[in-house]
Amino acid sequence: MASAVQRLRAIHLYRHSLKNMLSWAVRREVFYAEAERIRSEFDQLKTLDDPIQIERALERGEARLRDHLHPDPYIVPYRPGGSMYARNPPFDPSVHIHLDFGREGH
């Protein structure tokens with residue numbers, strides 16, 4: 001039976017495997033096929049009961065993920081490191097600009 005720490009590591013490994021695959025598979029149909037393959041690998045190992053075997057499987061999976069990390073991973077544009085992150089910083093509240101200044105009737 002897996003310990004709570006091993007379960008968390010397995011969840012982390014699964015999520016990061018899928019996120020890494022998003023960087024490699026540009027087309028969604030390719031990603032979906034690879035996601036099914038990844039899920040089937042995790043499902044095959046779900047029946048392991050021996051903590052030592054579970055630990056070895058996790059170590060192999062983590063090493064495999066490290067070996068296949070994308071050199072330039074996809075980052076959501078509005079997240080830190082993304083192309084749109086902090087593109088338009090907020091205005092300084094001490095600056096007051098009114099665009100209607102100088103128009104007739106105002």
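Colleague: Which residues does Ser17 touch, not counting residues up to four places away in sequence?

Modeller: Keep in mind that this model is predicted. With those sequence neighbours set aside, Ser17 touches Ile38 and Leu65. Ser17 itself sits in helix H1.

Colleague: Is Ser17 buried or exposed?

Modeller: Under 20% relative accessible area counts as buried. Ser17 comes in at 14%, so it is buried.

Colleague: At what angle do H1 and H2 pack?

Modeller: Over 145 degrees, a pair is called roughly antiparallel. Here H1, residues 4-24, and H2, residues 28-45, pack at about 160 degrees, and their axes are 10 Å apart. That angle is why H1 counts as roughly antiparallel to H2. The crossing of H1 past H2 is right-handed.

Colleague: Which residues meet there?

Modeller: From H1 you have Ala10, Leu13, Tyr14, Ser17, Leu18, Met21 and Leu22. They meet Arg28, Phe31, Glu34, Ala35, Arg37, Ile38, Arg39 and Phe42 of H2. Sort the residues of this contact by type and you get 10 nonpolar, one polar and four charged.

Colleague: And where is Thr47 found?

Modeller: Look in the loop between H2 and helix H3, which covers 51-67. The cut-off for exposed is over 50%. Thr47 has 62% relative accessibility, so Thr47 counts as exposed.

Colleague: What separates the C-alpha atoms of Thr47 and Ala2?

Modeller: Those two residues are 45 residues apart along the chain, yet 10.0 Å separates their C-alpha atoms.

Methods
Residues numbered from 1 in each chain as written. Predicted model: local features only at pLDDT ≥ 70, side-chain atom pairs only at ≥ 80, totals over all residues. Heavy atoms only, no water. Axes fitted to C-alpha atoms, helices over the stretch in contact; angles between N-to-C directions. Helix = DSSP H or I, 4+ residues; strand = E, 2+ residues; numbered from the N terminus. Parallel < 35°, antiparallel > 145°, perpendicular 65-115°, else oblique. Left-handed = near helix turned anticlockwise from the far one by under 90°. Contact = heavy atoms within 4.5 Å. Nonpolar A, V, L, I, M, F, W, Y, C, P; charged D, E, K, R; others polar. Buried < 20%, exposed > 50% of the residue type's maximum accessible area, 1.4 Å probe, protein only.
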